[in-house]
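Please look over the sequence and the structure below, and keep both in view while reading the paragraphs that follow.

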Amino acid sequence: MISKNKWWQSAVFYQIYPRSFADGNGDGMGDFTGMVEKLDYLQNLGVDAVWLSPHYPSPFIDCGYDISDYEDVAPEYGDLKVFKRFLNGLHQRGMHLILDLVLNHTSDKHPWFLESRSSLDNPKRDWYIWKKGKDGKPPTNWYSTFWGSAWELDPATQEYYYHFFFKEQPDLNWNNPEVKAAMFNAVRFWLDMGVDGFRLDAVGTIFEDEHYFDHPEKSTHEELIRLELSIKNLEEQSIVTKTWEKMFQYQHDMPGVHGLMRELRKVLDEYDQRVLVGETDDIAFYGNGDDELNLVFNFPLMREAPLKASQIRANQTERLTKIPTGGWPCNTLGNHDSSRIYSRFGDGTHNSLQARLNLTLMLTLKGTPFLYNGEEIGMTDYLINDSRLFRDPLSLEYARIIQQLEGLSEKEAVHIGAEKGRDKCRTPMQWAESANAGFCPQGVTPWLPVNPDFKHGVNVAAEMIDPNSLWNYYRNLLQIRQHSAALLSGDYHEIKGLPNEVFGFSRTSVDKTLIVLLNFSAAVQNIERTALGAPVYQIVIEGGTNQWVDGAKTASLQPYGCVILEPQN
Ligand code: GLC
């Protein structure tokens, strides 16, 4: 035991997007058979836990985040038997598994909703949020975050139901104790099976303001989107964020959610060593530090690109101070909703170095890191240029809206749709240089097009055999972290007196200190050795080729270079 952490504090999580990870039955779609075949891959890479995006039966309008049965496996992914093989396979290899849990809404095809919508007096009517319209209009002026009104008129009963996301994702009414009981049963179903916890989807939107007032924002959703598309600087970004907050003020972050999180946490605590991770950056979800969520994502770090040393420094100072005692940080730079790290945080020239730099940041900061499948080989955003191939309805919506608002050509609109939608970061995993990047057999059409850069070295097989590849950097650093008490649980101290563009800190455990230096600039940065304390260092790992000659007064980091040092006595 090299650290006194709980398993989820030491673990590096790896998010698997099931549809795109590995196709075991040759139908062009990822599945559990494929995932089972990749168990050794995960172990060899050196990750410790998997977060699985939704694997439940679903009409797949929102790619599985519209669940129609919380206690089963999507038939296209397999069944409970093969699910258990995957779960047990992870456990046998010392890894853990957490599932995605969508509490806010179900699919409109879930039997609960089918019952609820069937009549005004159905016993499940109150499981969802139904309201009468106002003068022939929806009950409030609230928007769905995805587009249009948050209310959908149901012709059968002439009432509106509420949906924060797509209209095929009706929000559950969490004020109804039966909803809670049913959902907690589903939670127990997986925990009893041995699942190690959950990533909680969209926790902030579970409750709505009970008064159902109209929001006071004057600009329309169209105007907000138009503004969003033309953002040029942080100031404009902040205007958009503020407008958004006003527009959606009655639809998220209602205080009631914390009581629910405490109750859910109690359920998890009936079991040994389970974990709750929230899709939120709100520190309030740590509760008193040990009674709500175990982990809350540090999304502010991921939101700002390009990454700058000053901004990371401020981010760490702020978050580490605010997280209550007992709470544990959680860092990530990418997931299935955001641009690929390689594209988003790369400047187009130094991407390969920046990918190493960003990983070094993630794996050395205090807290639990989350990686997203494919980032280990530097997968990039792939923009689909044919709207018939879009699978994320957001792309289609955006293309349509933009074409309407701005009168763009079809081609331009499709481009914006591809950029604003999420297909670009969900394309199939690139395993090899063979047909379809080895994701599915030759002649089969994968559910989303494969990024053709797999032919130019961006694939697992090629990178595994190249000692200088990004994949091998991931593997080396993951191993270093796994065996370093300083990185797993050591104290964090920012190092002062470094060039402004260099973010540096030490991690100190009982018997070891490691120094991490990260150059977030395109210029060489010289570092006065006196700033670091000891005269002689051993290089633990470095990204790029820096100038680190023992005995010299200054050392230098190459553009976007980074290094982990161990002071020698
Ligand atoms: C979360 C998911 C996203 C999904 C949404 C609605 O934000 O990460 O993919 O569309 O919730 O469930």
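A residue is called buried when its relative accessible area is under 20%, exposed when it is over 50%, and partly exposed in between, with a 1.4 Å probe and protein chains only. This is a predicted model, in which local features need pLDDT of at least 70 and side-chain atom pairs count only at pLDDT 80 or more, while totals for chains, interfaces and linings use all residues. Residues are numbered from 1 along each chain as its sequence is written, and side-chain values use heavy atoms, with hydrogens and water left out.

Ala 202 counts as buried, because its relative accessibility is 6%. Ala 202 sits in the loop between β7 (197-201) and α8, where helices (H or I, at least four residues) and strands (E, at least two) are DSSP runs numbered from the N terminus. The phi of Ala 202 is near 40°, a positive value in a residue other than glycine.

Cys 63, in the loop between β2 (49-52) and α5 (80-92), likewise has a positive phi, near 50°, and Cys 63 is buried at a relative accessible area of 12%. Another loop, between α11 (299-303) and α12 (309-322), holds Pro 306, and the peptide bond from Ala 305 to Pro 306 is cis, with omega near 0°.

Helix α15 (residues 393-406) has buried residues that include Leu 394, Tyr 398 and Ile 402. The buried residues of α15 pack against α8 (221-229) and α16 (410-420), contact meaning heavy atoms within 4.5 Å. Just after α15, Gly 407 takes a positive phi of about 60°.
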